[in-house]
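Here are my notes after a look through this one. Have it open beside you as you read.

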Amino acid sequence: MNNKKTGLVRGLGWRAFAAVFVAGMLLGCGGAPETVAPPPPEVTVATPTQRDVTIVHEFVGTTQARESVEIRARVQGYLEKMAFDPSQFVRKGQLLFVIEPEPYVAMRDRAEAGLKAVEAGLRRAESDLDRLEQAVRTNAVSQQEVTRARAERDQASAAMLEAQAALTNAQIQLDYTTVESPIDGMVSRNLVDLGNLVGAGESTLLTTVRRIDPLFAYFEVSERFMAQILEQRGGHKDPGTQSELPATLVLKETGLAIEGRVDSVDNTVDPATGTIQIRAVFPNSDAKVFPGFFVHVRLPGELLEDAVLVQETAVGTDLGGRYVMVVGDDNVVERRYVEPGPLQEDNTRVVLQGLESGERYITVGLQ
């Protein structure tokens, strides 16, 4: 028992000595280590630039074909021929389809035969009338016979007009068996396969042709914007009496930009939305834009002289709005809320209010 107690005392003594030794070492080194603050972050500072800027307004619109035609079967028959490839560009008058013409050729021939028969009857009636009119002068026939011959001649003449109309109609029906493109444009695929009966009870849709050069873009603008444009241009005048309003079509997906012009403004503001529809026209000879695309349309607005511009990277956003970090006196940084303007092509943004040209702002190192 004494040996166990002695060992226990020795163990506790060594532990106490170790604790005192560690504490001494810490005291000898000046106590617990203090947390060292990190150095302030490095930032890049710049001053705003100034230049004249034309405000560009951007709107979302959709493209539509300049002309669009549904090609339908106007006579009944079996579809015999397709004379185009899908998505091909076709010319006005180019053959697209052939519907079996044989029944309509027969109808045309029958109408021609009927017309010839009626013409022969008319010539006979006219000859009989001439003969009776000469005979009545010598009292060889009565005036009643002349009157009857004249009525027969008139009936024959009316019958010939009817036969001519029947022939014309038969020829029209025959012409409808060859389906041609009524416009220049891009044809879609065939919607009916060869051998199918078309035109039975309805005008069967065969395909569509759309003229996509030039191309229209329709978009809505606010009545406020429209009022500003009218004020700048001195009101609305008939086309040709004022300069055209330029427009730019932009595809955000590819960056494609096409220069065009505004060619139509609707004559009524929609009271439900407070907007008015505008149409712009753009060249599209290389067919890089199709009808139905969602596009951005840019219109020039007012000119800002000596506008203040900052780098887009310097503009932040929080619940309070858009802001820039301004470096003031004694290099003190403050958050300054500003009214941003449009973004420019050089990735600078117009600041309409909140920042002066001589002030410094942080461009890099906002975090």
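The points below cover a pocket, a sheet and a helix.

1. Keep in mind that this is a predicted model. The largest pocket holds about 630 Å³ of space. Its lining comes to 20 residues, and those nearest the centre are Ile55, Val56, His57, Arg298 and Leu343.

2. Which elements give two or more residues to that lining? They are strands E2 (49–72), E10 (246–250), E11 (257–265), E13 (294–311) and E17 (339–343), plus helix H4 (223–232). E2 supplies the largest share, with five residues.

3. Four strands make an open sheet in the order E6-E5-E3-E8, and the pairing is antiparallel. E6 (178–180) and E8 (197–198) are the edge strands; each has a single partner strand, so one side of each has no neighbour in the sheet.

4. On the E8 side, strand E3 (residues 77–82) pairs with E8 in the antiparallel sense through two bridges. Gly77 has Val198 in E8 as its bridge partner.

5. Helix H3 (residues 143–175) is worth a look too. Its 33 residues span 48 Å from first C-alpha to last, close to the 48 Å expected at 1.5 Å a residue.

6. Which residues of H3 are buried? Val146, Ala149, Ala156, Met160, Ala163, Leu167, Ala170, Gln173 and Leu174 are.

Technical notes:
Residues are numbered from 1 along each chain as its sequence is written. This is a predicted model: local features need pLDDT of at least 70, side-chain atom pairs count only at pLDDT 80 or more; totals for chains, interfaces and linings use all residues. Side-chain values use heavy atoms; hydrogens and water are left out. On a 1 Å grid over the protein atoms alone, a cavity is a set of points where a 1.4 Å probe fits but cannot get out, and a pocket is an open set with protein on both sides within 12 Å along at least five of seven lines; lining residues have an atom within 4 Å of a point. Grid points are joined across faces, edges and corners, and a volume is the space filled by probe spheres set on the points. Two strands pair if DSSP finds at least two bridges between them. The expected span of a helix is 1.5 Å times one less than its number of residues. Buried means under 20% relative accessible area, exposed over 50%, partly exposed in between (1.4 Å probe, protein chains only).
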